[in-house]
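Hello,

As promised, here is the structure we talked about. Have a look at it first, and then read on for what turned up.

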Amino acid sequence: MIIFDMDGTIIDSSQILSSTINYVRDEIGLKPLDVHSMLEKINESDTNVSKFCYGTEHFTKEQSDLFDFYFTKHYQESIRLYDNVKDMLLKLKQYFLLGIATNAYEKTALKMLSFLNIKQHFDEIIGSDMVKKAKPDADMLELILHKREIKKENAIFVGDSNKDKIASQKANISYIMVNWGFSDYEDCKINNMKNLENRIYNTIGQ
């Protein structure tokens, strides 16, 4: 089974995420954050996202409602698939079960994947609200493997952050880091879908 992170890995949602966060900040009286540094910070494994974005230990109902309002109204204007994602998924689907493990809520993930017409390619889609702990904990990955009765040695997780990497280590499954998402990794060579396909097949063959 191949499990993918969503934002920054298969979907470029940088514009809608940053504009939605800054919309919420404006509504609650905070100044906007720089987009690039914001995306890098929320991708780090030790970041408390609610505290960094809004100054609270946990997301409040007001913050969540404001986020959902703006995101739902505007997400179709700016999200897109990274180049050649659909072709890659169609190829992989011939040989593997495919999954999504995202720190987005399930309903948000389903909206985005449906709008971009790739939801049907995935056998399991797990959002952060479906488990006790989001990434960098391993709950989502372990739930997917349990539901599909997949052994850990027969799974690969693909993501764009150290948060994803740590989750894969905790789940004890192979990990592939891509370098087109929200963070830049100088030593990461996976910078297009062909590189990713080759790494997947090479990892399986090891």
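Which residues have the most contacts inside the largest nonpolar core? Please keep in mind that this is a predicted model. The core in question holds 66 residues, and F4, M6, I10, I11, L113, F122 and L196 are the ones with the most contacts inside it. Helix α1 supplies the largest share of this core, with five residues. As a general background, nonpolar side chains in soluble globular proteins tend to be buried together.

Leaving out residues up to four places away in sequence, L196 touches F4, M88, V158, I176, V178, W180 and I190.

Next, helix α4. This helix runs over residues 61-74, which makes 14 residues, and reaches 20 Å from its first C-alpha to its last. That is close to the 20 Å expected at 1.5 Å a residue. Its buried residues are Q63, L66, Y70, F71 and H74. Because they cover an arc of only 120° around the axis, these residues lie on the same side of α4. K61 and K73, on the other side of the helix, are exposed. What covers the buried residues of α4? Among the covering elements are α1 (14-27), α3 and α6 (106-115).

S50 sits in helix α3, which spans residues 49-54. Is S50 buried or exposed? S50 counts as buried because its relative accessibility is 3%, under the 20% cut-off. The side chain of S50 comes to 3.4 Å from the backbone nitrogen of H58. If neighbours within four places in sequence are set aside, S50 is in contact with G55, T56, E57, H58 and F59.

Last, a loop residue. L116 is located in the loop between α6 and β5 (124-126). With a relative accessible area of 12%, L116 is buried too. Which residues does L116 touch, not counting those up to four places away in sequence? They are I11, I79, R80, L81 and K86; I11 is also one of the residues with the most contacts inside the largest nonpolar core. L116 and Q76 are 40 residues apart in sequence, while their C-alpha atoms are 8.9 Å apart in space.

Happy browsing, and do write back with any thoughts.

Best wishes

Note on methods
Residues numbered from 1 in each chain as written. Predicted model: local features only at pLDDT ≥ 70, side-chain atom pairs only at ≥ 80, totals over all residues. Heavy atoms only, no water. Helix = DSSP H or I, 4+ residues; strand = E, 2+ residues; numbered from the N terminus. Buried < 20%, exposed > 50% of the residue type's maximum accessible area, 1.4 Å probe, protein only. Polar contact = N/O pair within 3.5 Å; in protein donor to acceptor, adjacent residues only side chain to side chain. Contact = heavy atoms within 4.5 Å. Expected span 1.5 Å × (residues − 1). Arc of directions from axis to C-beta. Core = buried A, V, L, I, M, F, W, Y, C linked by side-chain atoms within 4.5 Å.
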